[in-house]
Amino acid sequence: MILEGLKLNNFGKFSGVHFEFKPILNLVLGPNEAGKSTIMEAIPAAFFGVRNKERFQNWKFSGNCQVSAVFRNEQKVLRIERNILSDHVCLVEEDGEKNILYRFEGKASPLGRSSEKTEYADRIARTLGIIEEDIFRSSLFYGQGNLEVSKRNDLDVKVKNLLSGSVEVDYEKVLSSIQEDYFAITCNSPWGRDKTNDRELEKVRLKLEELEKNWLESRETVRKMDELHRRLEVLKDEVEKDRIDFSQGNRYLKLLKNRLNLEEKEKNLQEEFRRFQKEEQKIESLLGEKKLVLKAIRDMAIPEEVSEDLPRLVYELKELRERAAKAEKDINGIYQKMPAPGEISWPLLFFVCILMVVAAAFLVKKNPDWLIPMGLGAGLGISLFFLFLLKRNSVRSNERSLIKGQAEILEAGLEETRKSLLSLEGYLEKLGLKHSEEELLYLKSSLQRRARYQERLRGIDSTLEVLEKPGDLQEMKAGVARELAILDEKKGSLHGDNFLANMVDLPEAEEKLSVLEERLKLKEKELSELAQEESFLTGQLGGMTSIEEEGDYLKEKGLLLTERKKVLRLAYDLLAEAVDDFRQGYLERFASEVGQTLEPLLKANDRNVRVTDEFTFCLKEKSDDWKPLNHFSQGTIDAVFFAIRLVLTKQLFQGWQLPLFLDDPLVNFDSKRLVNTLQYLENLTSGHQVILFSHDHRLLNLINSEKWNVISLPG
């Protein structure tokens, strides 16, 4: 039987992931936290369920947490699908042509004891040979850093019983049965203290003694017979009456238990019905609230096509208006800084020239020799003054041009802003929305309320997704109502029985019935003894011949019982000795096979293993001293327990070729042991499928790539 496929839906970190495995060696390779252990834990989760369900529930995705596995052998295909949260299991067996051979669907909780759980467990045991989860985890399932055989839940005792075969044949019961047969013959015990009450052999001897006395007491026999007859008549009447009372009591007790069971079941169904009603009311309340929220959103009259962009549009409109106002303010400020236009004052220039000419003429008149210098000086002064006026006008003209250019840039930006503002206002008007300051504030407030409504709407939808669908809820309520109606009919049939008119408590009824049964057994025993005594006395009255015949019969019976006693004692002693030898021998054979398996892993011929009666393990050192495993390195300990697991798998599942699931058990192995173990696994695939989970990328260089199917997991 091989694992062909595994599908995980909202299991751990995986959602809707499917893995396919080959019927050879499979290596699932990925870094830490990639989900290797989660994939491996999905195998026992599919078979046996999960006690800590929150551990594997996906926190990112809501919905059912499910595991599906497909197993295949030469004859048939086995499909298992389990809902981890509800423990609902669907198990289907098909032949090669996909014809359904068997189908199971029901609840199989790891903690439950229902008939469905029993049927499912029996089918798993018959199909895969897997008895229970503890045995599975101690043989086929190699957890990371946990190769030891646990002693939890007396698992070591279970494994010892499975290895010794005492599960199939309970030799203790056989020995106990032989002892019971022996003590049914005689009370003399060869194995301890004698029993207190006489057995058949002693009774035979006593009866022989009584025959001898009866020979001498024939006169007393008649009187005893009369008394015995009277006692027998009275006792028979009492026994008959007690039998009738006991039969009625049994019937009463059965009806009483049925009544209590029906009441308990009715109580559970009523609680379930009330739960459905509460959930239905909650759904109705949520749907009503959802309707009100949707109406409130519609009443806001905000167009649906711009509901997402509307906050951005409002913000852009406000920003454009602020930008336009700021641009106008900046333009006005720039124009205020602009200087007056620079122009030449021609009257001033003419007056200065006349003044300088007059001054030069006055000086020349006083001194004619200064004519040329003064003429040149006056011309130079007039030129310099003219150049000064030109320079000042040029500077002012440049300043005005620069300020005007800045103003033109701002005016162009203002124009673009106004165009965008007009376009945005036109778009809002087209949508039927006003764009005044008051309307914008109201619109902003409406958008905030709409966001709160939408958030509440999402919360309502999320809650409704978790709850049952109204149609499914109605169907479940109808199913519970039908069951309650059936229970009412059954209870009505019980109420109509006159025998239940005076009901008492169940413990009191059971106690009374137990006392009556014990009294009836004592009277029947007494009646049987009196009948035997009657037969004996009748024989006595039959005469000496019958007494002699009975004496001969009893003597022969005594001889036969004596011989049978000898045979039973011999059989008990021989079987007890054989069982002790066998129990000591199977541990030695188990240890020998572990040592043979350990040899190719350690490449050492002198490392023998010994198993104690307490199912602990020792390893022989090179000095021939036996040491417990904790005396050695962790790598050696893991190698020993790896070999123990392989031998357990071989012996516990004889005839079943089941997959081996290994979650990085080789992490403590050095390179030599790692290579040896990988070679051993490659040779093992003729009998088993192997699925090895590891984070060590070195394995890619150590394995035979033609034999291994490598599945890589992302980080």
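Colleague: Which residues of helix 1 are buried?
Modeller: This is a predicted model, where local features need pLDDT of at least 70, side-chain atom pairs count only at pLDDT 80 or more, and totals for chains, interfaces and linings use all residues. Residues are numbered from 1 along each chain as its sequence is written, and side-chain values use heavy atoms, without hydrogens and water. Buried means under 20% relative accessible area, exposed over 50%, and partly exposed in between (1.4 Å probe, protein chains only). In helix 1 the buried residues are Lys36, Thr38, Ile39, Met40, Glu41, Ala42, Ile43, Pro44, Ala45, Ala46, Phe47 and Phe48.

Colleague: Why is helix 1 described as largely enclosed by the rest of the structure?
Modeller: Helices (H or I, at least four residues) and strands (E, at least two) are DSSP runs, numbered from the N terminus. Helix 1 covers residues 36-48. It is largely enclosed because the buried residues number twelve of the 13.

Colleague: Which residue follows helix 1, and what is its phi?
Modeller: The chain leaves helix 1 through a glycine with a positive phi. The residue is Gly49, and its phi is near 85°.

Colleague: Is Glu279 buried or exposed, and at what relative accessible area?
Modeller: Glu279 lies in helix 7 (residues 218-299). Leaving aside neighbours within four places in sequence, it is in contact (heavy atoms within 4.5 Å) with Leu467, Glu468 and Leu473. Glu279 counts as buried, because its relative accessible area is 13%.

Colleague: How many salt bridges does the model have?
Modeller: A salt bridge is a side-chain nitrogen of Lys or Arg within 4 Å of a carboxyl oxygen of Asp or Glu. One of them joins Arg103 and Glu105 at 3.0 Å, N to O; Arg103 is partly exposed at 47%, as is Glu105 at 43%. Under this rule the count is 23.

Colleague: How far apart along helix 7 are Lys241 and Asp245?
Modeller: Lys241 and Asp245 form a salt bridge, with closest N and O atoms 3.2 Å apart. Lys241 is exposed at 52% relative accessibility, whereas Asp245 is partly exposed at 27%. An α-helix has 3.6 residues a turn, so residues three or four places apart point the same way. Because Lys241 and Asp245 are four residues apart, their separation is about one helical turn.

Colleague: How many residues apart in the chain are Arg456 and Glu289?
Modeller: Arg456 forms a salt bridge with Glu289, at 2.6 Å between the closest N and O atoms. This pair links distant parts of the chain, Arg456 being in helix 11 (residues 437-466) and Glu289 in helix 7, with a separation in residues of 167.

Colleague: Which residues are linked in a network of salt bridges?
Modeller: Side chains of opposite charge can pair when their charged atoms come close. Here the network joins Glu238, Asp242, Arg519 and Lys523.

Colleague: What percentage of the residues in the protein chain count as buried?
Modeller: The protein chain has 17 helices and 14 strands. Among contacts with a separation of 6 or more, 71% come from residues 24 or more positions apart. Of the 715 residues, the buried share is 39%.

Definitions and conventions. The expected span of a helix is 1.5 Å times one less than its number of residues.
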